[in-house]
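Subject: Model for your files

Hello,

Please find the model below. My notes come after it.

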Protein chains: 4
Amino acid sequence: MTESSTSNEIGFIGLGIMGLEMAKNLLTKRNASLLVWNRDTSKSAQLASEFPSQVRVANSPVEVVSNCNLVYSMLSTIEASQAVFDETNPEGVLAGIHENSCIVDCATLTPERMSEMAMATTTKGGQFLAAPVSGSKQQAEQGILIFMCAGSLPVYEMVGEDLDVMGKARHYLGESIGAASKMKIVVNMVMGGMLTCFAEGLSLAKEAGLPSDALLSVIDAGGMSCPLFKGKGPSMVQGKYDTAFPLKHSQKDMRFALELGDKLGQTLPVSAAANEVMKKARKKGHEDDDFSSVIEGL
Amino acid sequence: MTESSTSNEIGFIGLGIMGLEMAKNLLTKRNASLLVWNRDTSKSAQLASEFPSQVRVANSPVEVVSNCNLVYSMLSTIEASQAVFDETNPEGVLAGIHENSCIVDCATLTPERMSEMAMATTTKGGQFLAAPVSGSKQQAEQGILIFMCAGSLPVYEMVGEDLDVMGKARHYLGESIGAASKMKIVVNMVMGGMLTCFAEGLSLAKEAGLPSDALLSVIDAGGMSCPLFKGKGPSMVQGKYDTAFPLKHSQKDMRFALELGDKLGQTLPVSAAANEVMKKARKKGHEDDDFSSVIEGL
Amino acid sequence: MTESSTSNEIGFIGLGIMGLEMAKNLLTKRNASLLVWNRDTSKSAQLASEFPSQVRVANSPVEVVSNCNLVYSMLSTIEASQAVFDETNPEGVLAGIHENSCIVDCATLTPERMSEMAMATTTKGGQFLAAPVSGSKQQAEQGILIFMCAGSLPVYEMVGEDLDVMGKARHYLGESIGAASKMKIVVNMVMGGMLTCFAEGLSLAKEAGLPSDALLSVIDAGGMSCPLFKGKGPSMVQGKYDTAFPLKHSQKDMRFALELGDKLGQTLPVSAAANEVMKKARKKGHEDDDFSSVIEGL
Amino acid sequence: MTESSTSNEIGFIGLGIMGLEMAKNLLTKRNASLLVWNRDTSKSAQLASEFPSQVRVANSPVEVVSNCNLVYSMLSTIEASQAVFDETNPEGVLAGIHENSCIVDCATLTPERMSEMAMATTTKGGQFLAAPVSGSKQQAEQGILIFMCAGSLPVYEMVGEDLDVMGKARHYLGESIGAASKMKIVVNMVMGGMLTCFAEGLSLAKEAGLPSDALLSVIDAGGMSCPLFKGKGPSMVQGKYDTAFPLKHSQKDMRFALELGDKLGQTLPVSAAANEVMKKARKKGHEDDDFSSVIEGL
């Protein structure tokens, strides 16, 4: 364990599409001082030139962690995360953890990876908050992300005002790091199920000789109007499934949700039926297509 | 059959909440001349005083129909519709039908009633278009209703520009008057199914110890965001089911949809599963509660 | 209405494959005197020559009914039944109904036809018992049929000893003639569902690389051993569906059962799922194949 | 590894209810010479006194294995199996394995335990055949067990004639030891599904006012007649669920089957629906009741 820092600088590791916008919101709305690191140093340099009095650039993740009590990280893949956190990397995050370290990881990783990172951090005396976000670049820019947090409650409470300038809502789901991924699974289960209901509607309308564009229009005019149906409807009618979210991943989340329901004794008959339709579509060769290809399973 | 009219006046029968706004759009945006009738004559009088050069008030439905080739009717209930159309009523709509009569009925009635009206109209030499709308007062005011039309194609084509000032979309579903009600059944099937998926998500989150408000917030932040979930979510969490759309009606539409699918050979496994959940909730005593009480069937 | 009979002769109309064996059991085990009629008179003559002291041959159905208080009829088709019962036929059953007439019809007809016959009989002052049987020629010969009775309770009680020599079990399902057909629907629902479960097992075993003959053998060795699986299993494995009971009829019964469940508020999620598999198989072109082709719907 | 044996004696370890009858069939129908071991030595002694010229009693499992090339074992529980096989036990089976050892284990253990035993045996140079049986005491006595074999094919071929006197059928499911447990899972999936179909039939009949005993009788009279329905039906009608096979175990097998189907891409919509009914019944407090309590989940 290195010595604790006494500075007020906040660390920020990972200035990708999302991270950059999140950091800017901390700079402009919280007037924060940031010590940043990014693999592609041109991004760090650019941010420092935009906010010369607020941003310093570190040479390594370990430098960020050693010098700050609070560090946000937003690394987009497990690979990037592993490279940056890796215990065997003397320049990595873990090498710098000290007893006042509070790590807030905002990436969407697997629960296993999240748990490993939390464990490694706490083993070294630090505290860890998993804070994956719902939303993409636009939401990050506008500061309207949704934070689903799990892990250290003191850290969650400490960073509340920061999260409130980066997002429009934040939720603390409990100490178990797995809670965030459970939430994601529940959300994706609902999404998979409702898209399958929509697929049944499109199929029934077609068989009944009702024009698809009329159905889409009527659905969009009422209480069911949502980006999902608006985005997927026309292409489902045409049988085009350009992949945004692959069917195999959607079905995997459905399976995880069913296993969770099974473990908890919660009946999920509609989701179970939707899962079977997804499996049928997968079996027909659509597993790498978009999950809207679930319609092929009917 | 009475003689055909040669005037350019358009008839409008029924100036209730919806009809009044629809008529106003015809007056302001199409500069139409209307011959109107309403049971409550104060409404007709008021409209005539607002548009003195465009609106004349008739003394009876038969007067409207006799004097106009094109007549819109917007009567909110089967009872009102029967009273006004009734063949035995010498002052009713049917008494005035002539060979150039084009009746466009915009009310949401049963398919049986719609078919009776269409049959009675064509028997007397007229033409009939069923044109029920999706939307309520606000959409009528703003001219953004959705028209689901079935019946006479020539009438549908003739009234296109009228419909376009009263609504934002119009769909011709075929000559069979039943097409409009089939569309409604399909739409309600999707709605019932997706609300059941949502209910499963709420139930699973609860069992998993995840906070309901977090789930609602996350769902509302993404592609699934829709008025239905926003409107029903918080009350479902509280177990309150103030009736907007009774479960028994929702389940009835689900049953009709499944029967239609059965007849057409369209598999609907998810809707079939949702129907069973609805039945379970009904059996537990929620049949007169709002259809969001489907969550009680899990 | 003709005058009532005082003879002890029992009438028997219809000496086909089933009727002949049933009549023989009444003759040998109940020592009954029968007045018989059959369209093909050679069969009546043969029976009379076998049992000269017990069997008399009538020239028409009306003669049978006029001369006997109790009359069994076993006509295999709706057409035969209509021809023999027909009100406009002066030689038919209805022409002979009197106030002591007790008609026991053992054929499997539609509930509508059964109800018509019951109504026509009671209108003329007689009593009617629907008593369709489960079982075929072998069960008729051995006197081990199952009677599912509905209609007149007094008649049911009066004929108990007769039914007991023709069958091994008899059930009174209530006064409503429809009860017998409801029973059939329930039974066929269970049959359709369990065959679909079996189909899923065969399909899963195949995908898992487990030999089908092993699965059939293991299933047949335990609590699930039944003529249905034994009869259908090997041909399902080979994808052969020689029609004994067409898929479309099995699915129709499933639909009727689901409608009954819907009306009564009874959830039937597994049968509903099985119905969808049947529909899928129908859609793939198996509707006239045996109902074991349900496996094609997976 | 000890030296290989050259005797013709066959080893038999475990003379419990099943093992004793199986051994007797080898003695009487194959005229085999057996070297036996049983924890309760009175049973070994009794068998030796019944078949003095054919049976020798060993003092330990290791003695049996060391002296025989072929050894059957039939130990009823994992605990007994572990105690007898245990590597650290100098008197156990593993201590005696030699390069000609062929171990045929006929117990129904978990796939994990089976795999451990197979691995330990082959590591020491022997061969292993898992050969769990379907059937109980009566089937063992009459030599009509069903063998589901997996593992060494040469051993399977070598013991064919032995298995044929102990059983009426034998199946080789492949080299993977897991095949036998997969088969069991498939079989139990079908059983759980068909019992749920049966439960739906009983429930629907009840709601329709049809007498349950009539339904049971009719089902038992036809193609669906099976020990399962005969055994469970009357108690299900009475709501009594004395535990033969606990619901939680049945549902666990159902879950395993669904996971297997998911992995293999096999749709199982009916089993998935049945699983949800089972979960519902579990949630209502029937998890330790017999699996016929699935009816409570409707």
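This is a predicted model: local features need pLDDT of at least 70, side-chain atom pairs count only at pLDDT 80 or more; totals for chains, interfaces and linings use all residues.

Residues are numbered from 1 along each chain as its sequence is written, and chains are lettered from A and ligands numbered from 1 in the order in which they are written.

Confidence. The predictor assigns the complex an ipTM of 0.80 and a pTM of 0.81. For chain A the average pLDDT is 92, and 98% of the residues score at least 70; pLDDT is the predictor's confidence in each residue, from 0 to 100. Over residues 1-5 of chain A, pLDDT stays under 50. For that stretch the model has 18 contacts beyond four places in sequence, a contact being two residues whose C-beta atoms, placed from the backbone, lie within 7 Å.

Chain A. This chain has 14 helices and 9 strands, taken as DSSP runs (helices H or I, at least four residues; strands E, at least two) and numbered from the N terminus. The C-alpha trace of chain A spans about 70 × 40 × 30 Å along its principal axes. Of the 298 residues in chain A, 58% are buried, that is, with 20 or more other C-beta atoms, placed from the backbone, within 10 Å of their own. Among contacts in chain A between residues at least 6 apart in sequence, 65% join residues at least 24 apart.

Chains D and C. Here 60 residues of chain D are in contact with 60 residues of chain C. Elements of chain D that each supply at least two residues to its side include β8 (145-151), β9 (167-172) and α13 (247-264). The largest share, 19 residues, comes from α10(D). By class, the side of chain D that touches chain C has 38 nonpolar, 18 polar and 4 charged residues (Ala, Val, Leu, Ile, Met, Phe, Trp, Tyr, Cys and Pro are nonpolar; Asp, Glu, Lys and Arg charged; the others, Gly among them, polar).

Helix pair. In chain D, the axes of α10 (residues 178-207) and α12 (residues 227-238) come within 11 Å and cross at roughly 45°. D:M191, D:L195, D:F198, D:A199 and D:L202 in α10(D) meet D:L228, D:F229, D:K232, D:M236 and D:V237 in α12(D). This contact has 9 nonpolar, no polar and 1 charged residues.

Regards

Notes. Axes are lines fitted to C-alpha atoms, for helices over the stretch in contact, and angles run from 0 to 180 degrees between N-to-C directions. A residue is buried if 20 or more other C-beta atoms lie within 10 Å of its own, exposed if 12 or fewer, and partly exposed in between; C-beta atoms are placed from the backbone.
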